[in-house]
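Hi there,

Here is the structure I promised to pass on to you. Please have a look at it first, and then read my notes below.

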Amino acid sequence: MPEKKIRFDDFELDYGRFQLCRGGTPVRLEGLPLQLLMFLVEKRGQLVTREEISAALWSKDVFVDVEQGINTAIRKIRRALADDAGEPQYLQTVVGRGYRFVAPTAVEEASGSASAGGYAVSAEDLGRAIMTAAGLDPENPKGTPKLPGQS
């Protein structure tokens, strides 16, 4: 994957390093909210429905409260970007439908080629990140107690 970076205002979203920076300083943002931000930035200007977010970030065999997961991730993104839901500069809520990334962006790629879109996070890795963010053990999603000697 090319070392793709997307800039908006004084933020830089580095896909290769899986990191968000502001003014060159890393911004603390957990895995799932960061993946959601990358997904929304990729679809800049387009309405992204909650169903699309769910399909992109959660595998079908992961059982978590997707609505709560999306709400929490959006809240963490807004906090990291210091964005106001009432007067958004970055994430616009379309009530009852979804979200839209509205800030102008500039793309930088070390490879010099055009972006093929998407990002290099497997659905399985994404599911694990979501489960971990939801406080679940990805290795034991149903919370079944492990017997001694089981790994």
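What follows is a short tour, from the overall fold to single residues.

**Overall picture**

Please keep in mind that this is a predicted model. The protein has four helices and eight strands, and from the N terminus on its elements run β-β-β-β-α-β-α-α-β-β-β-α. Of its 151 residues, 36% are buried. Among contacts with a separation of 6 or more, 56% are between residues 24 or more positions apart.

In soluble globular proteins, nonpolar side chains tend to be buried together. The largest nonpolar core here has 32 residues, and the members that touch the most others are Phe 8, Leu 13, Leu 20, Leu 36, Leu 37, Ile 53 and Phe 101. At least two residues of this core come from each of strand 1, strand 2, helix 1 (31–42), helix 2, helix 3 and strand 7 (98–101). Helix 1 gives the most, with eight residues.

Leu 13 sits in strand 2 and counts as buried because its relative accessibility is 0%, where the cut-off is under 20%. Leaving aside neighbours within four places in sequence, Leu 13 is in contact with Lys 4, Lys 5, Ile 6, Phe 8, Gln 19, Leu 20, Leu 34, Leu 37, Met 38 and Val 41.

**How the helices meet**

The axes of helix 1 and helix 3 come within 9 Å and cross at roughly 80°, so helix 1 is roughly perpendicular to helix 3. On the helix 1 side, the contact is made by Leu 32, Pro 33, Leu 36, Leu 37 and Leu 40; helix 3 brings Gly 69, Ala 73, Ile 74, Lys 76, Ile 77 and Leu 81.

Gly 69 belongs to helix 3 and is buried, with a relative accessible area of 18%. Leaving aside neighbours within four places in sequence, Gly 69 is in contact with Leu 32 and Trp 58. Gly 69 and Leu 57 are twelve residues apart in sequence, and their C-alpha atoms are 10.0 Å apart.

The other pairing is with helix 2. Here the axes of helix 2 and helix 3 come within 11 Å and cross at roughly 95°, so helix 2 is roughly perpendicular to helix 3. Arg 50, Ile 53 and Ser 54 of helix 2 make this contact with Val 66, Glu 67, Ile 70 and Asn 71 of helix 3.

**Helix 2 and its arginine**

Which residues of helix 2 are buried? They are Arg 50, Ile 53 and Leu 57. Seen down the helix axis, these buried residues fall within an arc of 60°, so they line one face of helix 2. The face turned away from that buried side carries the exposed residues Glu 51 and Ala 55.

Arg 50 is the one I would zoom in on. Arg 50 lies in helix 2 (residues 50–57) and counts as buried because its relative accessibility is 15%. The side chains of Arg 50 and Tyr 99 are joined by a polar contact of 2.8 Å. Beyond its neighbours within four places in sequence, Arg 50 is in contact with Glu 67, Ile 70, Asn 71, Arg 97, Gly 98 and Tyr 99.

**Two backbone details**

Finally, have a look at two loop residues. Asp 9 has a positive phi of about 50° although it is not a glycine. Asp 9 is found in the loop between strand 1 (4–8) and strand 2 (11–14), and it counts as exposed because its relative accessibility is 55%.

Ala 82 also is not a glycine, and its phi is positive, near 55°. The loop that holds Ala 82 runs between helix 3 (66–81) and strand 6 (91–94). Ala 82 counts as exposed because its relative accessibility is 53%.

Enjoy exploring it!

Best wishes

Key:
Residues are numbered from 1 along each chain as its sequence is written. This is a predicted model: local features need pLDDT of at least 70, side-chain atom pairs count only at pLDDT 80 or more; totals for chains, interfaces and linings use all residues. Side-chain values use heavy atoms; hydrogens and water are left out. Buried means under 20% relative accessible area, exposed over 50%, partly exposed in between (1.4 Å probe, protein chains only). A polar contact is a pair of N or O atoms within 3.5 Å; within protein, one must be able to donate a hydrogen and the other to accept it, and residues adjacent in sequence count only if both atoms are side-chain atoms. Contact means heavy atoms within 4.5 Å. A nonpolar core is a set of buried Ala, Val, Leu, Ile, Met, Phe, Trp, Tyr and Cys residues joined through side-chain atoms within 4.5 Å. The arc is that of the directions from the helix axis to the C-beta atoms. Axes are lines fitted to C-alpha atoms, for helices over the stretch in contact, and angles run from 0 to 180 degrees between N-to-C directions. Angles under 35 degrees count as roughly parallel, over 145 as roughly antiparallel, 65 to 115 as roughly perpendicular and the rest as oblique.
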